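The structure is shown here for reference while reading.

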Amino acid sequence: MLKRGAVGFSTHKDKPLSRLIRWFTKYKYSHSFVISDVVKNRVYLLEVEAPQVAFSTLDSYNIPTVEYEIWYPIGVDEAEIDRALRHTERMFLKKKYSWASLVGIAITIIVQKVFGKVIRNPLRMGAWCAEADWHYLSALMPDLFGWMDHSTVSPKDLHMIVKESGRFERVAQSEFNDN
């Protein structure tokens, strides 16, 4: 059952930007989102997609060319989830999506791979998905996510921690349907 406060990771099989992000990160997921509400079995997401941060629904992910996983935090009460969601919504809702920040993330990945050096994103001019979701997760579980630099975080970074920490339960999953 999907509930408010779950975090999701996804990729679009056919979208060029999803393929490019997967190529740079060498990871299966290129996008992340947070479930902000569930009303009458309709799942609403707080999502960073062009042109700005906004609410959308999970309906757009239930297509054959999208693969996703959704994870729910274990041992966190609803008041903590509500506080973390409100914090993130206040910071990001209506903020502009940043294509430049994505280029900056690519630069940080290249510098890390080529020179072994971690640098901050040099092109922070708006928001991208993992940054907003990091703010939510670090407000919810600062001990697990607070050490990360929000200017360089990717869906891969968040997914690996969520998956391996033992503090989240996978509650939904879809895979590409090639039929």
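In this predicted model, Asp59 and Arg42 form a salt bridge in which the closest N and O atoms are 2.9 Å apart. Asp59 lies in the loop between β4 (52-57) and β5 (66-73), while Arg42 belongs to strand β3 (residues 42-49), so the pair ties together parts that are 17 residues apart in sequence. The points below take up this pair again and then turn to the other features of the model.

**The Asp59 and Arg42 pair**

- Asp59 is partly exposed, because its relative accessible area of 40% falls in the range between under 20%, which is called buried, and over 50%, which is called exposed.
- Arg42, the partner of Asp59 in the salt bridge, likewise counts as partly exposed, at 38% relative accessibility.

**The salt bridges around Asp82**

- How many salt bridges does the structure hold? The structure holds 6 of them, and among them are two that involve Asp82, one with Arg4 and one with Arg86.
- In the salt bridge between Asp82 and Arg4, the closest N and O atoms are 2.4 Å apart.
- In the salt bridge between Asp82 and Arg86, the closest N and O atoms are 2.1 Å apart. Both residues lie in helix α2, where they are 4 residues apart, or about one turn of the helix.
- With regard to accessibility, Asp82 is partly exposed at a relative accessible area of 24%, Arg4 is partly exposed at 24%, and Arg86 is partly exposed at 40%.

**Packing of helices α2 and α4**

- The axes of helix α2 (residues 78-92) and helix α4 (residues 129-140) come within 8 Å and cross at roughly 145°, and the crossing in which α2 passes α4 is right-handed.
- Which residues bring the two helices into contact? On the α2 side they are Glu80, Ile81, Arg83, Ala84, Leu85, His87, Thr88, Met91 and Phe92, and these meet Glu131, Ala132, His135, Tyr136, Ala139 and Leu140 on the α4 side.
- His135 is placed in helix α4 and counts as buried because its relative accessibility is 10%, with the cut-off for buried set at under 20%.
- When neighbours within four places in sequence are left aside, His135 is in contact with His87, Thr88, Met91, Phe92 and His150.

**The loop residue Asp14**

- Asp14 is found in the loop between β1 (7-12) and α1 (16-25), and Asp14 is partly exposed, with a relative accessible area of 49%.
- Once neighbours within four places in sequence are set aside, the contacts of Asp14 are with Arg19 and Thr65.
- Asp14 and Val66 are 52 residues apart in sequence, and in space their C-alpha atoms are 8.5 Å apart.

**A nonpolar surface patch**

- Ile110, Val114 and Phe115 make a nonpolar surface patch of about 330 Å².

**The chain as a whole**

- The protein chain contains 6 helices and 6 strands, and from the N terminus on its elements run β-α-β-β-β-β-α-α-α-α-α-β.
- Of the 179 residues of the protein chain, 49% count as buried.
- The accessible surface of the protein chain comes to about 9,200 Å², and 56% of this surface belongs to carbon and sulfur atoms.
- Among the contacts in the protein chain with a separation of 6 or more, 67% are accounted for by residues 24 or more positions apart.

Key:
Residues are numbered from 1 along each chain as its sequence is written. This is a predicted model: local features need pLDDT of at least 70, side-chain atom pairs count only at pLDDT 80 or more; totals for chains, interfaces and linings use all residues. Side-chain values use heavy atoms; hydrogens and water are left out. Patches are made of residues with over 30% relative accessible area and no salt bridge: like charges are joined within 9 Å, nonpolar side chains (Val, Leu, Ile, Met, Phe, Trp, Tyr) within 5 Å. Accessible areas come from the Shrake-Rupley method with a 1.4 Å probe; for residues, only the protein chains shown count as cover. A salt bridge is a side-chain nitrogen of Lys or Arg within 4 Å of a carboxyl oxygen of Asp or Glu. Axes are lines fitted to C-alpha atoms, for helices over the stretch in contact, and angles run from 0 to 180 degrees between N-to-C directions. A crossing is left-handed if the near helix is turned anticlockwise from the far one by less than a right angle, and right-handed if clockwise. Contact means heavy atoms within 4.5 Å. Buried means under 20% relative accessible area, exposed over 50%, partly exposed in between (1.4 Å probe, protein chains only).
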